[in-house]
Amino acid sequence: MTHTDLNHSESPASAGLSAAQSRFDGKSRVYESARPSYPASCLERFAVAGKQVADIGAGTGKLTAQLLAMGASVTAVEPNAAMRQTADEKLGAYPGYRSAGTAAEETGLPGGTFDLVTAAQAFHWFDTDAFQRECRRILKPDGVVLLLWNMRVPDAPVNRACEAVCRSFCPQFEGFTAGFRTDDERISRFFNGRFEKAVCPNDLRYTRDLFVARQCSSSYAPKPEDPAYEPFTRALGDCFDRFSADGFLTVPNVTECYWGRP
């Protein structure tokens with residue numbers, strides 16, 4: 001049985017990956033291995049068991065996996081084929097799992113179907129107004145949207161040092177999370193100023209290899225064939241060595257959650 005049966009057609013919006021989406025080409029494996037998941041304390045307020053969830057910009061299915069484990073039926077929408085394939089391979093055994101290779105702004109999903117729409121580490125890549133319209137279309141009348149981000153604590157010394165490395169070696173670097181900031185105005189616009197928010201502690205603990213891999217999974221990071229890749233990873237290793245203890249590095253991080261009606 002295929003779990004990608006929603007990919008039978010592509011809309012004009014998803015026919016080609018956007019420049020932002022294509023930045024993740026070739027990064028699916030490192031993304032899956034190095035990216036963190038989301039704390040249970042951020043998700044347990046949503047009673048998703050038995051519910052229909054659309055996880056938009058699902059990537060390799062980091063949040064999708066957690067929602068499935070909580071008993072939800074989840075359609076993972078991810079236009080990057082390699083990312084989606086990784087999610088399919090990992091999650092295809094779940095009977096409630098489906099995936100679609102369409103765009104956030106034009107998913108092709110049936111209207112009025114979903115109890116919850118989620119976007120984890122992804123909303124900042126979307127066209128805010130078009131995504132709002134699409135959420136209104138696919139949600140049930142009482143449906144809710146949940147937006148999540150893992151965010152580095154900006155004034156932590158290790159995060160400042162890592163930012164300096166990225167600015168030195170990554171021409172596309174605009175700041176962590178593509179320059180997205182806490183309480184970005186796009187969130188308020190999407191929810192028409194009416195939403196709830198929670199911030200959950202989520203410090204991240206890395207080995208040296210995992211720390212380097214986490215940075216390499218970012219959209220702006222040079223790929224292995226790039227001449228900047230070796231000096232970039234070497235500088236990250238030096239950063240790890242500077243701040244680690246006993247072979248591990250704890251990176252101060254929080255998970256920000258915003259939810260409401262679009």
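This is a predicted model: local features need pLDDT of at least 70, side-chain atom pairs count only at pLDDT 80 or more; totals for chains, interfaces and linings use all residues.
Student: How many bridges join strand E2 to strand E3?

Tutor: Strand E2 covers residues 73-77 and strand E3 covers residues 97-100, and the two run parallel. Val77 stands opposite Ala100 in E3. The number of bridges that join E2 to E3 is 4.

Student: Which cysteines form a disulfide?

Tutor: A search of the whole structure finds 1 disulfide. A disulfide is a covalent bond between the sulfur atoms of two cysteines. Here the sulfur atoms are 2.3 Å apart, which is within the cut-off of 2.5 Å, and the pair is Cys42 and Cys200.

Student: How many residues apart in sequence are the parts that this pair, Cys42 and Cys200, ties together?

Tutor: Cys42 lies in helix H3, residues 40-43, whereas Cys200 lies in strand E6, residues 196-201. The link of Cys42 and Cys200 is right-handed, with 135 degrees about the S-S bond. Because one cysteine sits in helix H3 and the other in strand E6, the pair ties together parts whose separation in sequence is 158 residues.

Student: Are Cys42 and Cys200 buried or exposed?

Tutor: The word buried applies to a residue under 20% relative accessible area, and exposed to one over 50%. Of these two words, the one that describes both Cys42 and Cys200 is buried.

Student: Where is the cysteine sulfur nearest to that of Cys257?

Tutor: Cys257 is in no disulfide, and a pair would need its sulfur atoms within 2.5 Å. At 0% relative accessibility, Cys257 counts as buried. The nearest cysteine sulfur is 3.1 Å away, in Cys42.

Student: What is the relative accessible area of Cys162?

Tutor: Cys162 is found in helix H7, residues 157-169. Leaving aside residues up to four places away in sequence, Cys162 touches Phe176, Phe211, Gln215, Leu236 and Cys239. Cys162 is buried, and its relative accessible area is 2%.

Terms used:
Residues are numbered from 1 along each chain as its sequence is written. Side-chain values use heavy atoms; hydrogens and water are left out. Buried means under 20% relative accessible area, exposed over 50%, partly exposed in between (1.4 Å probe, protein chains only). Contact means heavy atoms within 4.5 Å. Two strands pair if DSSP finds at least two bridges between them.
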